[in-house]
Amino acid sequence: MTPARTRTTRRTARRSAAVAATAVLGLALTACASDSGSGGSDGGSDGGSTGEDETSISIGIPSGWDEGIAVSHLWTAILEEEGYDVSSQTADVGVIYTGLAGGDFDVTLDVWLPYTHASYEKEYGDEVTDLGYWYDDAKLTIAVNEDSPAQSLEDLAGMADEYGNKLVGIEAGAGLTEITQDQVVPTYGLEGMDYSISSTPAMLAELKGATDAGENIAVTLWRPHWAYDEFPVRDLEDPEGALGEAEKIHMWGSSDFEERYPTLTKLFGAFTLDDEQLFSLENMMFNSDEYADEAEAVQAWLEANPTFVDDLKESAGV
């Protein structure tokens, strides 16, 4: 399970106190990439039996899901550089998946499985192509400053004084808040700590303030999030599994994606980001005033990772 996606985008984050103060992982191919692009689509001017990709592609971007927004803009830049005509639309995840199954989009890059989006997989699984997953450590966490004493959630109750006897949370309606209240607190005996439920921006502001001051702090957080790149934090171990298991972030294409985009099928199948790459991309895009928009942040990230695209092509064999 994941938070109720009360995540901040670049624009809303800039209004938050946290940003005002500062502004995966496995490689897996669950889709079979066709070397020859057998079959093909009648609709593409340059797709079909030649094995060449269609040159136009539409991306469905899930609103409020920062990692999906960041990766979608990254792929937009990569595809445009390769000569594709890219269009995109941002919408609620349900709209994105419905549109993908109905042919309104060609691909979406942020499908959390096996739990968060299981209902959509059940409804649309036969109408889409699973292109594989690019991140395999998407999960809920309790994080602390990296130089603090607690190593696991089992330590936290006995070390509560070290953290001001406080656990800093996010919005009341978030899934992470519910799981912390119903699972984490009773499992690890944290009833004596003040569990502060407020908002994501307020949590990030407290995290910044404590780490800047060299003070200990414990917060509810989740991966992936740019805070892991911005602040010196680490996750507490969860030996009882109270926060649930990690999920994988998949890519879904249209039902005929492999036939219409044989080369892109290989590229998506080889695509992966590790924590450092993903967190730095999110941090540059959502937590910096240095870049005018998402496209500029992506270009800066690609300049900082100059071999990324070539490495991707080599891995994909294209």
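Predicted model: local features only at pLDDT ≥ 70, side-chain atom pairs only at ≥ 80, totals over all residues.
Let's start with the aromatics. The structure holds 13 aromatic pairs. Take F257 and F268: their rings are tilted, 5.9 Å centre to centre, with 50 degrees between the planes. F257 belongs to helix α10 (residues 257–260) and F268 to helix α11 (residues 262–270), so this pair, eleven residues apart, links distant parts of the chain.

Next come F271 and F308, an edge-to-face pair at 6.4 Å centre to centre and 90 degrees between the planes. Here 37 residues separate the partners, with F308 in helix α14. F271 is buried at 0% relative accessible area, and F308 counts as buried too, at 8%.

If you step back, all four of those phenylalanines belong to one cluster linked by ring pairs, together with W75, W134, Y135, Y261 and W301.

R223 lies over the face of Y228, 4.0 Å from the ring centre, and K248 has its charged end over the ring of Y133, at 5.2 Å from the centre.

Now, the largest cavity. Its volume is about 30 Å³. Which residues line it? They are I78, E82, L267, V309, L312 and K313. By class, four are nonpolar and two are charged, with no polar ones. Helix α14 (residues 308–316) gives the largest share of that lining, three residues.

Terms used. Residues numbered from 1 in each chain as written. Heavy atoms only, no water. 1 Å grid on protein atoms, 1.4 Å probe; cavity = no way out; pocket = protein on both sides within 12 Å on 5 of 7 lines; lining within 4 Å. Points joined across faces, edges and corners; volume = space filled by probe spheres on them. Helix = DSSP H or I, 4+ residues; strand = E, 2+ residues; numbered from the N terminus. Nonpolar A, V, L, I, M, F, W, Y, C, P; charged D, E, K, R; others polar. Phe/Tyr/Trp six-rings, centres within 6.5 Å; stacked < 30°, edge-to-face > 60°. Buried < 20%, exposed > 50% of the residue type's maximum accessible area, 1.4 Å probe, protein only. Lys NZ or Arg CZ within 6 Å of the ring centre and 35° of its normal.
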